[in-house]
Amino acid sequence: MIDVRENEMKVELLRIGPCKEIICTHHRFYEDRIETNQTQEKPFTVVPHYKAVKPKPPSNAHISFQTNNRFQNLIPDEPEIPAIILKIAENYNVLLQEITKKFPGTNNTLFRGSIKISANSTEDRNNIIKLLQDKNQEFIV
């Protein structure tokens, strides 16, 4: 019976509105409001920023754009022809003269106690290898 009467009074006070005085001894409406706000369960909890989920970009955000390769000038247009390394023997001078006469444009340099033969084309390289095999010379391809 008392609960019903209290509820009726609360409904009447809600209809009338809050009291003009903040601390009123006659009306307990303000206190009831504070109590109801404190007793309500919070539907959301505050999460620390380091545990919060980072926003993800949409999956359809694949924007393709063309970039220039700054190192394009460093890439050779033609594949590099590997050099032939000839072991120095007694008749290497005569052999090098024969190679330069048959295949002009080859470059011969001394490389770590051996002779490095660089050809201009793969055909010249293959022919130099055949020549060295015919002369029974030691070389590294």
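In this predicted model, Glu98 and Lys102 form a salt bridge in which the closest N and O atoms are 3.4 Å apart. Both residues belong to helix 3, where they sit four residues apart, about one turn of the helix. Glu98 has a further salt bridge, with Lys135, and here the closest N and O atoms are 3.2 Å apart. This second pair links distant parts of the chain: Glu98 is in helix 3, while Lys135 is in the loop between helix 4 and strand 4, 37 residues apart. Through shared partners, the salt bridges join Glu98, Lys102 and Lys135 into one network. Lys135 counts as partly exposed because its relative accessible area is 39%.

The structure holds three salt bridges. Lys87 is partly exposed, because its relative accessibility is 47%. Glu138, at 53%, counts as exposed.

| Salt bridge | N to O distance |
|---|---|
| Glu98 and Lys102 | 3.4 Å |
| Lys135 and Glu98 | 3.2 Å |

Side chains of opposite charge can pair when their charged atoms come close. Asp124 is a charged residue without such a partner: Asp124 is buried and has no salt bridge. The nearest side chain of opposite charge belongs to Arg125 and is 11 Å away. A salt bridge needs a nitrogen and an oxygen within 4 Å. Asp124 is located in helix 4, which covers residues 122-134. When neighbours within four places in sequence are left aside, Asp124 is in contact with Phe103 and Ala119.

The elements named so far belong to a protein with four helices and four strands. Along the sequence, they follow the pattern α-α-β-α-β-β-α-β. The four strands make an open sheet in the order 2-3-1-4, with antiparallel pairing. At its edges are strand 2 (107-111) and strand 4 (139-140), each of which pairs on one side only. Strand 4 is paired with strand 1 (residues 84-87) in the antiparallel sense over two bridges. In this pairing, Ile85 has Ile140 of strand 4 as its bridge partner.

Helix 3 (residues 92-102) packs on the sheet and touches strand 1, strand 2 and strand 3 (114-118). The direction of helix 3 makes about 5° with that of strand 3. Helix 4 lies across strand 1, strand 3 and strand 4, and runs at about 20° to strand 1.

Some totals describe the chain as a whole. Of the 141 residues in the protein, 16% are buried. Among contacts between residues at least 6 apart in sequence, 54% join residues at least 24 apart.

The mean pLDDT of the protein is 79, and 76% of its residues reach 70 or more. Where pLDDT is low, the predicted coordinates should not be read in detail.

How values were computed:
Residues numbered from 1 in each chain as written. Predicted model: local features only at pLDDT ≥ 70, side-chain atom pairs only at ≥ 80, totals over all residues. Heavy atoms only, no water. Buried < 20%, exposed > 50% of the residue type's maximum accessible area, 1.4 Å probe, protein only. Lys, Arg positive; Asp, Glu negative; His and termini not counted. Contact = heavy atoms within 4.5 Å. pLDDT = per-residue confidence, 0-100. Pairing = 2+ DSSP bridges. Axes fitted to C-alpha atoms, helices over the stretch in contact; angles between N-to-C directions.
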